[in-house]
Every structure is written in C-alpha cells, then in structure tokens.
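Biologist: Hi, I'm new to this one. Could you put it up and walk me through a few spots?

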Amino acid sequence: MYSEKVMDHFSNPRNVGEIENASGVGTVGNAKCGDIMRMYLDIDENQVIRDCKFKTFGCGAAVATSSMATEMVIGKTIQEALEVTNVAVMEALDGLPPVKVHCSLLAEEAIHAALWDYAEKNGIKIEGLKKPKADIHDEDPVED
C-alpha cells in the first residue's frame, strides 16, 4: 500500500521535463525492474541548485521518488544535495513498500550522477561524491 504522498507525487509529479543546457545530467537505471531515471540540474555560480527536472520511465514509486527528490534539492547547495539519501526521500514520502525501496535508491543515485556530470564539466571535485553506477540492481538499499 502506498502513502497519500506517494500517490500525490505519482498522480501530480513535480518538475517533470528537461533543462536545456543543464549544468549536470545524470541517468541511472535498474536492469532488474526496468526503471530508468534521468535527472537534470541547473546550478548557479554559487553552487546552488536553481532548478531540477526529471524524466523517469518506470513504476509509480519511481515517478514519485523522482518527483520528491527534485523538490528536496532545489534551492540547496551541491553539498546539501549530496546529503539527500534514499532514506530521506522515503521518509519525505511517508515510506515505501519494501519491494519499492530500490526506487528511492535510484533517485539518490540520479542526483549523484547529475552532480558527477556537473563536476566533470567544470573540472572540480565534490567532496564525498563517488562515481555513480549506471545500474543499481546490485545495490542493497538502506532501509532505516
């Protein structure tokens, strides 16, 4: 059973679309379930995320976690965005069924992939950012 917040973000997703000339774009997927998530970031000269959009091919939980993740990073610094975890996304959505936890991990990894792309484009290192995996099916999501 999905929470009201999950259903709301699935039925009325926020920040759907693309950002032309995005500062960073990250794409991740889960080969097991077929979900694919692409996150676009517009980052200003002070390293604050001005805008974030997404395109997701997947289940309702994948759309809902993408939508919530975009809301959680807009207005944040790069470092603050890096701290948005799959657990934080799940909590913001009032939980996910255990079989859908991987969707929240996709959202976290999509943010990291977009930040990685931004760092590469700008020749900078973002403290604490590891090279993201394109396919997270081997991951064990954290379920606090």
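Biologist: Where does aspartate 94 sit?
Modeller: Aspartate 94 is in the loop between α4 (86–92) and α5. Keep in mind that this is a predicted model.

Biologist: OK, and is aspartate 94 buried or exposed?
Modeller: Exposed, because its relative accessible area is 52% and the cut-off for exposed is over 50%.

Biologist: What about the phi of aspartate 94?
Modeller: Positive, about 60°, although aspartate 94 is not a glycine. Most residues other than glycine have a negative phi.

Biologist: Let's move to asparagine 21. What is its phi near?
Modeller: Phi of asparagine 21 is near 50°, another residue that isn't glycine but has a positive value. You'll find asparagine 21 in the loop between α1 (4–11) and β1 (24–30).

Biologist: Buried or exposed, that asparagine 21?
Modeller: Asparagine 21 counts as exposed because its relative accessible area is 75%, and anything over 50% gets that label.

Biologist: Switching to strands, how do β2 and β3 run?
Modeller: Antiparallel, with eight bridges joining β2 (residues 35–43) to β3 (residues 49–57). As an example of who faces whom, aspartate 42 stands opposite aspartate 51 in β3.

Biologist: And how many residues are between the strands in that hairpin?
Modeller: Five, and in this hairpin of β2 and β3 glutamine 47 takes a positive phi near 60°.

Biologist: Next up, threonine 70. Which helix is it in?
Modeller: Threonine 70 belongs to α2, which covers residues 60–73.

Biologist: Why is threonine 70 called buried?
Modeller: Because its relative accessible area is 0%, and buried means under 20%.

Biologist: So what does the side chain of threonine 70 make a polar contact with?
Modeller: With the side chain of asparagine 15, at 2.8 Å. Leaving aside neighbours within four places in sequence, threonine 70 is also in contact with residues including Arg14, Met39, Cys52 and Phe54.

Biologist: Last topic, pockets. What volume does the largest pocket have?
Modeller: About 190 Å³. Eleven residues line the largest pocket, and Glu108, Glu109, His112, Lys130 and Lys131 lie nearest its centre.

Biologist: Which helix gives the most to that lining?
Modeller: Helix α5 (residues 101–122), with three residues.

Biologist: How do the lining residues divide up?
Modeller: Six are charged, three are nonpolar and two are polar in the lining of the largest pocket.

Technical notes:
Residues are numbered from 1 along each chain as its sequence is written. This is a predicted model: local features need pLDDT of at least 70, side-chain atom pairs count only at pLDDT 80 or more; totals for chains, interfaces and linings use all residues. Side-chain values use heavy atoms; hydrogens and water are left out. Helices (H or I, at least four residues) and strands (E, at least two) are DSSP runs, numbered from the N terminus. Buried means under 20% relative accessible area, exposed over 50%, partly exposed in between (1.4 Å probe, protein chains only). A polar contact is a pair of N or O atoms within 3.5 Å; within protein, one must be able to donate a hydrogen and the other to accept it, and residues adjacent in sequence count only if both atoms are side-chain atoms. Contact means heavy atoms within 4.5 Å. Two strands pair if DSSP finds at least two bridges between them. On a 1 Å grid over the protein atoms alone, a cavity is a set of points where a 1.4 Å probe fits but cannot get out, and a pocket is an open set with protein on both sides within 12 Å along at least five of seven lines; lining residues have an atom within 4 Å of a point. Grid points are joined across faces, edges and corners, and a volume is the space filled by probe spheres set on the points. Ala, Val, Leu, Ile, Met, Phe, Trp, Tyr, Cys and Pro count as nonpolar, Asp, Glu, Lys and Arg as charged, and the others, Gly among them, as polar.
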